[in-house]
Amino acid sequence: MNLPILIASLIFISAIFQPVVGIAKVLPISLKEMTNEADWIIIGSIKEIKKTDVKHDEYGYELLVKISVEEIIKGETAKSVEVQLFQDLSTEPEVSLNERAIFFIKSWKGRNVIVQGYAGKVSIDNEHVKIISIKDEAPTQNFQKFVNKIKKFVGMDEKKKGKNIKRKHGKDFLGTVMN
């Protein structure tokens, strides 16, 4: 066997058997779908980030993130809400103390989690929002116009179901809502 073929074969074999390492991505869904999937949509600020003793082999330690509620667009009334994140999971949103954002939250397996990972935390910067991954939405938008779009979808959802969404999941959140 000649040397160039041997080298080419080794490169090919190492490429096939090389471990796949990368960052997972959230597949974007529309704002309407995000709104429908969320049990809560709140405007608030991150007031506390606590590392717990819960550790997952792949995702690292679980973080408890306490959000001080400024306004509830959809969901139960509360002064603050805790959500759980895994610090090493690449699809989770980055969080920092005192950060102001719009949070899309759902109850999942007894935990409050952010809808669509990093897509479900929309940062607020003065009068603009910074959108990471919501289908058909510009990355920077006027804060109030974006909130009005969400409220429109929430209103459509309430009319469609004929119910008050704020009462829909009250029992799911009793253990994690802090008044």
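This section describes strand pairing, nonpolar cores and salt bridges in a predicted model.

Strand β6 spans residues 121-125. Four of its five residues are buried, so the strand is mostly covered under the cut-off of 20% relative accessible area. β6 pairs with two strands. Strand β4, residues 100-108, runs antiparallel to β6 and is joined to it by three bridges. Within this pairing, I102 has V122 of β6 as its bridge partner. Strand β7, residues 128-130, is also antiparallel to β6, again over three bridges. Here S123 is partnered by K130 in β7. β6 and β7 form a hairpin with two residues between the strands. In this hairpin, N126 adopts a positive phi near 55°.

The nonpolar residues come next. In soluble globular proteins, nonpolar side chains tend to be buried together. The largest nonpolar core in the model holds 22 residues. Those with the most contacts inside this core are I41, I102, F104, V122, V129, F146 and I150. Two or more residues each come from α2 (31-37), β1 (40-56), β4, β6 and α3 (143-161). Helix α3 gives the largest share, six residues. I102 illustrates how these elements meet. Beyond its neighbours within four places in sequence, I102 is in contact with I41, I42, I43, G120, K121, V122, I124, V129, F143, F146, V147 and I150. Another core, of 15 residues, lies apart from the largest one. Its members include I42, I46, L85 and I105.

Charged side chains were examined as well. Side chains of opposite charge can pair when their charged atoms come close. Eight salt bridges are found in the whole structure. Three of them are described here.

R100 and E70 form a salt bridge with an N to O distance of 2.7 Å. This pair links distant parts of the chain, with R100 in strand β4 and E70 in strand β2 (residues 60-74), 30 residues apart. R100 has a relative accessible area of 26%, so it counts as partly exposed. E70 is partly exposed too, at 46%.

K151 and E71 also meet in a salt bridge, at 2.9 Å from N to O. The two residues are 80 apart in the chain, K151 in helix α3 and E71 in strand β2. K151 is partly exposed at 36% relative accessibility. E71 is likewise partly exposed, with a value of 29%.

K50 forms a salt bridge with E48, and their closest N and O atoms are 3.8 Å apart. K50 is partly exposed at 40% relative accessible area. E48 is partly exposed at 30%.

Conventions
Residues are numbered from 1 along each chain as its sequence is written. This is a predicted model: local features need pLDDT of at least 70, side-chain atom pairs count only at pLDDT 80 or more; totals for chains, interfaces and linings use all residues. Side-chain values use heavy atoms; hydrogens and water are left out. Buried means under 20% relative accessible area, exposed over 50%, partly exposed in between (1.4 Å probe, protein chains only). Two strands pair if DSSP finds at least two bridges between them. A nonpolar core is a set of buried Ala, Val, Leu, Ile, Met, Phe, Trp, Tyr and Cys residues joined through side-chain atoms within 4.5 Å. Contact means heavy atoms within 4.5 Å. A salt bridge is a side-chain nitrogen of Lys or Arg within 4 Å of a carboxyl oxygen of Asp or Glu.
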